[in-house]
Amino acid sequence: MSRSRSNRLRHQARREWTAYAFLSPGLILFTVFTLFALAFSFYLSFHSWSIIEPYKPFVGFQNYRDALVDPDLGQAVINTAYFTVASIPLTMASGLLIALMLNGRIWGRSIFRAIFYLPVITPIVVSSIVWKFIYNGDYGILNYYLERLRLIDHSINWLSDPNLAMPAVIIMAVWNNLGFAMVIYLAGLQAIPQHYYEAARVDGANSWQQLTRITIPLLAPSTLFLLVTSVIGSFQVFTQIFIMTNGGPIGRTNTIVYFIYQAAFQFFKMGYASALSVLLMLMLGVFTVLQLRFYRIDYGAN
Amino acid sequence: MTVTEPRQIAAARPGPPPPARRHKRISPAEVVLLVVRYVILVAGAIICIVPFFWMVSASFQHEGDIFSWPIQWIPKHPTLGNYRSFFGSGGHIGVWLANTTLVAVVTTVAQLFLDSLMAYAFAKRRFPGRKWIFALFLATLLVPGQMTIIPNYLILKHIPFAGGNDALGQGGHGWLDSYAGLIVPAVVSAFGIFLIRQYMVSIPDELLDAARVEGASEFRIFWSIVMPLCKPVLAASAIFTFGYFWNDFYWPLIVMSSPQHYTLSLGLALFIGAHKTAWTLLMAGSVIATIPVLVVFLIFQRYFVSGIAMTGIK
Amino acid sequence: MMTKSSRRWVAAAISALSLCTALAACSVGTKPGTTPAGKASPHKVSTPTQKVTISFASWVGDQPAMKKLYAGFHKQYPNITVTFNNIPADSEAQKLVTMVAGGTAPDVAYMDGGSVADFASKGALVNLDSYIAGSTVVKKDDYVANFTENAIYNGSMYGLPFDAETTGLFYRKDLFEQAGISGPPKTFAEMEADAKKLTNPAKKQYGIAIFGPESGYYVQPFVASAGGQLLSDDGKKAMIDSPESIRGASFYTGLAKYAPPAYLNSNSYDGRVAFEHGEAAMYIAGSWFGGSLIGEAPKIRDKWATAPLPQDKECATQVAGDSLVMFDQSKNKDAAWLWLQYLSSKESLRTWNVGQADSTELPPIKSLLTDPNSFKGKEWLKSFADMMSCKIITTNSPQWGQIQDRLNSNLTKVVYGKMTAEAAMQDTQKYATRLIGG
C-alpha cells in the first residue's frame, strides 16, 4: 500500500514538475519582455520624461492628478465605454449567427466563410475609404438607399454629426470584427459532441431548444474568450475610429488610447502617457477579473 | 446517456448527424427557413466583400480614375501598370514577400506549439499557483501593446553576444535589424494560450486519466491525444496568428532598418507620403499582400468540421 | 491625412523606458541648457581621407531625384557612402524618437519642419551655425526668412530647409463663373460674400470647405492677416485673445456656415473629394493640394486655379516644409555635413524642387524662387511663391503642440455652433497662459 502510494505521489510530483516545464518558455519570455516593460511604465508614471533627453524629474502623483481632472479624457472614457457596450454584444451575436449558419452542410460554405472573414483581413486603409463613401452625407450609398426606401427625407451626415458619428463607427466595427467572432465560434462548435444533439432529438427537443440548452451553454468557453478579448481590444481601439472621424466631431469619438499616443508622441510627455496607460490597465484589469469571476474561470464542459 | 453503437459510429463521421427519420418531402416551413438563411448570408456577404472588391478594382485603375465620381466599381480603363511596377525592375516586393513569409510562418508554427504546451498546462494540469500565473499571462493582454515597444527595442539592442554585443550586451546592435528580433519576442502569446486553453477544457478528463493510468508521459498525452483533438482551435489560431504577423507594421518598423529586411507592410507604407499617396500602387500591393492570408484561411477553415473532435469515446 | 504640421501619426504608443544599466540614465539628469545665439565661428570641414559611411533617414530615399543627387555626391566624395534608411512618412518622427532614445540615431535625416524644434529643444540635433558659417556652398542669406522659421531654435539654425510650401487658396473657376463672380476674393469681406453667393445647399454646393479637426491650424493665416498673434515672438507670452486674433478667428469660423456639413469633421486631405466633386468651390490648403488635384482629378484640370489668401490688414500665409538635420549622436559629423551641404546647394535644390515634374514643393531659396524658369509647367505654384514674404504666425514654444490641440477643439466647437469665437479664443488663452506663463 504505502509503496504504491509513494509511487503515486512521486508520479504526481513529477507530473506537476512537467507542468512547470511546459510553462517555462512562456514564463521566461514574459519576464524579459513584458514584465520588465510593465514595471518601468509604472516607474515612469511618477516621473516626467520627454523620451529624447535623459532628464527625468520625479513628480509624484502629478501625472495622475492631471489625468483625473482632464475633461477631454473623461469624455474619452465615456466614448470608449459606449463603444464597448454597444459593439461587443452585436459583434458576438452576429458572429454566432453566421457561424451557426455556416456550420452545417450548406452549399458554398467555404466561400461564404471566407467572404465573412474578408473584413478582418481587408487593410484598414481600404475599409475606411469605402466606408467613408458609404457614410458620405451628400453622396453616400447609405443615404441613397435610405432615401430610396423613404426611411429618411434628407441626407444624414453620419460622420460629421456629433450624435451619429459613434453609432456609425460602431456599425463599421461590428462589420470589421464579426468574422473574427465567427471563426472562434466555428472552432468552438466542433467541441460539442454530436451525440448530445442526437439524444436531444430523441427526447423531442426542437431546434430552438437544442440551441439554447445545448449549443449556447457548451459554447461558454468560446464566449468567455471572446468577451474578455473583445473588451480588452475595444478599450484599446484607436486607428479604426480615428481614421474615420479624427476623434471628432467635438471629441465624441476620441478614445483613451488616442490620448496616450498624443501625450507620448505629439507632446513628448512620456510620464503622463505612462500614467494614462497604468490607469487604463487598472480599469481593464478590474473588468477582466469581474468577467472571469462571473464565468468562474474553471468552467469546463460537462 | 446511453447511445447505441450504430448511432455512435454515425456520429463519428464528419458532417451533420443523419436525421432521425427520413423525410420524403421537405416541409414548406423548412423551405422558407432555407431561403431566409440564404438571403441573410448573401446580403451579409455583399456587405462584407464590398471594400475588398473596391480594392481589387482600384488596383487595376489609373490614378486619375480611382477617385472619380461616380465610383468605378468595374474599371472603365483597366491597366496592369500598377502590378507591373511591383514586379518590374527596382521593385522590392520579392524581398518583402520573402521576409514576411519567413517571419509569419516561423512565428505561427512556434506559437502553435508553445501556446498549446502552455494551454495544456493551464487546462489539464493542476499545480500550485495555476490561477495566478494564468492571470498574470492574461494581464499581458491589458498592456497597450505599444507600451512595450521602446523597452523591447532597448532589450533587443542589448542582447548579449548578438549583433556585435559583448557579454554585457554593450557595443553592438543586438538583435535589432535581424529576424531573431522580430520572431523571438513573439513566439508566445497570451491570446493564443487563452484561446487554446478554452478549447482544451472541453476535452474529457477521463480520456487523459486513462492514458495516465497506462503510464504515458504528460508530453505523450499532450502530443498524441490532446493535440489531434484540438485541430479546430489550432486552425483558428493558425489563421489569426499568421494574419497578425503577416500584416504587423509597428514591430517591424521599430526593429528593422535595412531595406533588405523590410516586411510587406513596411514596404507598402512607403507608398504613403506626407500628402501624396500612390493609391493605385498601394492597392495593387495590398491585393498581393492580402492573398496569402486569404489562402491560409481557406486552407485551415476546413478543420471547422464536426466529427473531428469530441465523440465521448470510452 | 492632415497637413504636415498638424499631422502626427500616432504610433504604437511609445512608452519610453530606458534600461538603467545600459544607458546609465536612471539618474534624473540635468535640464538641457539653452545655447546662446550669436555669431558662430566658422567650422571648416575637410574631405575625409578614409572610407566613411553615414546613414540618412527619410521617406524620400527611393525617389529618382534623390538617387540622382546621391550619385552626384558620391562622385564628388568617393570616400563617403550614404546608406538610406527609408521610413514611412507618417511614422518617421516616432521612429526617430525611438532611435534617439535607444542611442541608434541616424547621422542625418530629412524631417518635417514642424518637428525640428521638438528635437532641437531636447538636445538631439546639432547646431549648424558654425558649419554654415564655414561653408561656401550654403548661403544663409539666400534662404527665404519665412522658410527658415521652422528650422531655427533659440536663434540658431538646427536644420537646413530643403523644400517648402505656403498655404493658399484653390478655387473652382467654373463654379465662380456660374455664380457670376469674376475672380478670386482678395479681402475678408469679398471672401465672405463670394462664399455666400456660391452656397446652395439644395444643389449640394457650398462656398468653401472648412474642417473642424484642423481649424486650429488653418485659422492661423487669418489671425495673422487681421494683425493678431498667437504667441509673442519669444514664445513666452500668449496673445490669443487679443481683439485682432479674435477678429481673425471669428472670420475663419464664420465661414463654416458656407461649408458642406458632410465634411465639417473631415480633414484637408480626406476632404479633397469635396473640391474634386464640386461640393466646395474654394479650398484652403498648402501647395501639396495641387498635386492631389493633378494626379487624381485630371478631368477638372482646367477648371481650378490658385490665388493668394484673402487679406484683412496685410497679406498672410503659413509655411510648412521639410528640413535636413544632423543628429548629435552622429559619429561622423563632418562627413554628415558634407552630405547636407551637397543637398543644400542651389543645383541640388533646383533638382529636387523644380526638376521633379510632380513635386509641388517650392525651393526655399530666393535665387530660385525669383527665377521664372522655376515654374515652367507649374504656373499655378506662383500664387504660393508670391506669398513667401507674407506675414506668418510664429509658434516658438515647446508647448505649442498642446496649445494648438486646445485651439483645435475649441474652434471646432465654434464651427459646430457650441461656442462663440471670442469664448474659444479666451479659453485657449487661459490654457496657454497656464502652460507657458505670462
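Predicted model: local features only at pLDDT ≥ 70, side-chain atom pairs only at ≥ 80, totals over all residues.

I begin with one pair of side chains: B:R212 and B:D209 meet in a salt bridge, at 3.0 Å from N to O. The term salt bridge here denotes a side-chain nitrogen of Lys or Arg within 4 Å of a carboxyl oxygen of Asp or Glu. Both residues belong to helix α10 (residues 205-213) of chain B, where they sit three residues apart, about one turn of the helix. Helices (H or I, at least four residues) and strands (E, at least two) are DSSP runs, numbered from the N terminus.

Residues are numbered from 1 along each chain as its sequence is written, chains are lettered from A and ligands numbered from 1 in the order in which they are written, and side-chain values use heavy atoms, with hydrogens and water left out.

How exposed are the two partners? B:R212 is buried, with a relative accessible area of 18%, whereas B:D209 is partly exposed, at 40%. Buried means under 20% relative accessible area, exposed means over 50%, and partly exposed lies in between, with a 1.4 Å probe and protein chains only. The pair also belongs to a network of salt bridges that links B:R125, B:D209, B:R212 and B:E218.

Over all chains, the structure holds 14 salt bridges. Two further examples are in chain C. The side chains of C:D427 and C:R406 meet at 3.0 Å, N to O. This pair links distant parts of the chain, with C:D427 in helix α19 (residues 421-436) and C:R406 in helix α18 (residues 400-415), 21 residues apart. C:D427 is partly exposed, with a relative accessible area of 21%, and C:R406 is also partly exposed, at 23%.

The second example is C:D371 with C:R350, at 3.9 Å, N to O. C:D371 lies in the loop between α16 (366-369) and α17 (382-386) of chain C, and C:R350 in helix α15 (residues 346-354), so the pair ties together parts that are 21 residues apart in sequence. C:R350 is partly exposed, at 27% relative accessibility.

I turn to chain B as a whole. Chain B has 15 helices and zero strands, and buried residues make up 56% of its 314 residues. Of its contacts with a separation of 6 or more, 67% are between residues 24 or more positions apart; contact means heavy atoms within 4.5 Å.

What does chain B share with chain A? In this interface, 99 residues of chain B are in contact with 91 residues of chain A. The two chains bury about 8,500 Å² between them, 77% of it on carbon and sulfur atoms. Buried area is the accessible area (1.4 Å probe) that two parts lose on being put together, summed over both. Across this interface the rule finds zero salt bridges. On the chain B side, the largest share, 15 residues, comes from helix α2 (residues 28-59).

Next, the interior. A nonpolar core is a set of buried Ala, Val, Leu, Ile, Met, Phe, Trp, Tyr and Cys residues joined through side-chain atoms within 4.5 Å. The largest such core has 303 residues, and among the members that touch the most others are A:F116, B:W54, B:M200 and C:F327. Helix α7 (residues 165-189) of chain A gives the most to this core, with 18 residues. A second, separate core of 41 residues includes C:I80, C:A89, C:M326 and C:Y342.

In chain C, C:V325 lies in strand β10 (residues 319-326) and is buried, at 0% relative accessibility. The C-alpha atoms of C:V325 and C:V126 are separated by 7.6 Å, although the residues are 199 apart along the chain.

I close with backbone geometry. A cis peptide bond joins A:G248 and A:P249, with omega about -10 degrees, and A:P249 is in the loop between α11 (239-245) and α12 (256-266) of chain A. A:N246, in the loop between α11 and α12 of chain A, has phi near 55 degrees, a positive value in a residue other than glycine. In chain B, the peptide bond from B:W69 to B:P70 is cis, with omega near -5 degrees.
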